[in-house]
Amino acid sequence: MTLWLMAGLLFTPLAWAVLTLLMNFTWGRLVTWVGIVVQVLVSLGLWLAVSRDGGFYYGLGGWEAPLGIELRVDGLAVTFVLLTAVVASACGWHAGVYIDADKPWHRYFWPLFWFLWSGLNAVWLGGDLFNLYVGLELISLSAVGLVALGGKAGALRASIRYLLAALLGSLAYLLGVALIYGQFGTLSIAGVVFWLEEHPVPAGSSLALALMVTGLALKTALFPLHRWLPPAHGIAKSPVSALLSALVVKASFYIAARLWLELGEPLGNLAAAQLVGLLGSAAIVWGSWLACRQLELKQVVAYSSVAQIGYLFLLFPLTYSVSESVTLQAQQGITLQVISHALAKAAMFLAAGNLILSTGSSRVDALKGVSRFLPFSLFSFGLAGVSLMSLPPSGGFAAKWLLLQASLGSGQWWWVLVLLVGGLLSAAYVFRIYRASFLESSETDHFYHPPRSLEIIPMILALLSLGLGLVSAEVLSVMALPFEEEGSP
Amino acid sequence: MTTPLLYALAGALLCGIGLFGLLWLRHLLRKLLAFNIMGSGVFLVMVGLPQHQSGPDPVPQALVLTGIVVAIAATALAVVLIRRYYHLSGMSSLEDEPSPRGDDPE
Amino acid sequence: MMRALQTLVMALACLAFTGVLATSIWTISGNPTPVNLTQLLTENMGRSGVEHPVTAVLLNFRSYDTLLEIGVLVIAGIAGISMAKTASLEDPAMRTSDSLLYALQRWFVPLMLVLAGYLLWAGADRPGGAFQAGAVLAATGVLMRLGGSPMEFLRPGLMLRLGLALGFTVFLLVAVASAIGGDAFLAYPPGMTKALIVVIETVLTLSIAMVLLALFVSAPVNDAEDPEEGAPS
């Protein structure tokens, strides 16, 4: 059964990419909705199977590592597979209604969407360094294609900038992989970790980890390497922005985090860990500050992503040479932050798309008086904002609470200041949007009401993000499941 | 010093040159060429280093072949994007960023 | 002045990077690798279905990489042809009456087709394989395009999309077929490995050539545009 679920999980997105490539937009939409149902069921099935029986290694093609490629199917991976299924199906559903079916080039939206999904699954499950590289490239190229789809000069400029940044990041990562292979003779992460447990750290291997983490940080848009992100996320169509902010940047972070957790202790050092944490803090402050200063609605949301990504990198200092319990708290906090930000940011971008659709302008000051016409999308935007501001009972609050405890537990009190300042600044930019929309203006009588389904989707995502705080213990318990070390099932 | 090690060191040099080009050059096609030089450097390191240690190793050779295909796909896509961007805007470089506060709307 | 300073800083940074990288490579090259993958590979070559180790790694041991890699190529193809806003391949710059080019074409095109076929066939036991053959095939197409051949099949339509997807689809179907039978994803059924690899290599050659050629041909430059979100249209 688990074998079939795995095959379904890997096969469906790729098969649907091919199927939708052969159709026009309308048919592609219909087929995609069927595919979404299949993929959600498969992801849910796999999640249930893993939460019942524990994780396992899945050797592709019947070959085991180090000769073949093994997928690592553990609690964390299936949680992210399920998260991807939720967010991507919401974005796919929204895009089917939102995107103009009459433009002939929009037919290419669906195949790119499905390739993106398959790349994300490949990254969550990947246990092989080179395979992760291919998965990253799959994600980057389809994301760039989605940003550029049917765009004018502005969108093309953003997508070229994005492509160049992503390619440089991938090359840095690949160089690190080359050094690791030269050092250890294997590409399997588990193989490297296994060897390091029993032998002293060989000289010269720290650079490999540094290169990989730097490349991935560039792809995740960590300050000061973040400048490609706001143009790309701001100019893409709203469902695409939602996918990019919610999932794509998380994929590269996920690899960096896993490398750090597995190899950071032997290959990293304290200064590097603190430096990454410092850059993350700078991202929180600088990104939030710039979000407060933006004039375009989606730029506000995009800069808020820069800030929220900063929190993720606090993982590095909070897990380096600290006690077992602090490491666990930090990991759990970051996991919750990834999930809650994915849900909240997708909700926010989709709601922002609805607001732009109804006001006909992408500027913040065009929102004057919207509160009278479109309370529903505005409400979703606000609910998602609650999670970003980390107010209880949202998932964002649970995440930051755990991070706060981890900072205090490890004696690194300075991160607490960053968490507080970040929360205040995020409140500032969310309320700024609200303030704009509650202003009255005299010429607010030409509002377009988007279809009901467009308004429901961000609401569902925002509610999920809000409710995450209430079920965080259950979500986190799946990650702590025992892992079957012995081969494939 | 063996020949494969020389390849790997030359790869390191190419990486440095490519990185400099990618950061310093303005013209997009040149940036793309610099990316390809850097890519070649990475591939040289990838093949040269294991070959120096344990003789010809088919695994990195296969990896590099995969890497080359990915690099070609990315390069071709970039050329298409750059060409269309040039047609629409008449510019061959990414102009300077609009100021970060965003107070000059396009 | 600013630019010169910037250049200097960048040059120094890149020089330092090269130095650190070279030192690291030098240090690493001193120790032998703990895992000897080459030996493991040699032991399993008998079960791989092909004689050439690189082909065995690409299409059997690490076939998931190759499957995703073809996916990356198809994505680039899709994104490339999505830039083509009309169905016409007319390009006045491509009309030529150069007799030398025609003569060259008459000689080269058949020769290159034969070469592509040879590379594909050689992949089993010598350097060669789907990608090399596909690249030569695509180069043949580029030559024909430059010579002004119409190449109607590259018009952005169903045929082009079928061609792009063909190799990937066959690979994917083979991958899932064994999974339905209860084996792992991408495992070849015993006894059919060789035949399936040959089939996959052949269709991959066609698709790779198609993607590369489509990226060369199908990005005509014209002015059809999509207004951006919220921009006044």
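**Entry 1: a pair inside chain C.** I began with α4(C) and helix α7 (residues 158-180) of chain C, which pack at an angle of about 160 degrees with their axes 10 Å apart. Axes here are lines fitted to C-alpha atoms, for helices over the stretch in contact, and angles run from 0 to 180 degrees between N-to-C directions. Helices are DSSP runs (H or I, at least four residues; strands are E, at least two), numbered from the N terminus. The angle therefore makes α4(C) roughly antiparallel to α7(C) (under 35 degrees counts as roughly parallel, over 145 as roughly antiparallel, 65 to 115 as roughly perpendicular and the rest as oblique).

I noted that this is a predicted model, where local features need pLDDT of at least 70, side-chain atom pairs count only at pLDDT 80 or more, and totals for chains, interfaces and linings use all residues. Residues are numbered from 1 along each chain as its sequence is written, while chains are lettered from A and ligands numbered from 1 in the order in which they are written.

Which residues meet between α4(C) and α7(C)? I found that L67(C), I70(C), G71(C), V74(C), G77(C) and I81(C) in α4(C) meet L160(C), L164(C), A165(C), G167(C), F168(C), F171(C) and A175(C) in α7(C); contact means C-beta atoms, placed from the backbone, within 7 Å. By class I listed 10 nonpolar, three polar and no charged residues (Ala, Val, Leu, Ile, Met, Phe, Trp, Tyr, Cys and Pro are nonpolar, Asp, Glu, Lys and Arg charged, and the others, Gly among them, polar).

**Entry 2: a pair across chains.** Next I looked at helix α5 (residues 129-148) of chain A, which packs with helix α4 (residues 63-82) of chain C at about 15 degrees, axes 9 Å apart. α5(A) and α4(C) are therefore roughly parallel to each other. Their contact has 13 nonpolar, six polar and three charged residues.

**Entry 3: chain C against chain B.** I saw that the contact takes 37 residues from chain C and 35 residues from chain B. On the side of chain C, the largest share, 12 residues, comes from α1(C). That side has 26 nonpolar, eight polar and three charged residues.

**Entry 4: chain B itself.** How many helices and strands does chain B have? I found three helices and zero strands.

Entry 5: Finally I checked α12(A), where 16 of its 16 residues are buried.

Technical notes: A residue is buried if 20 or more other C-beta atoms lie within 10 Å of its own, exposed if 12 or fewer, and partly exposed in between; C-beta atoms are placed from the backbone. Two residues are in contact if their C-beta atoms, placed from the backbone, lie within 7 Å.
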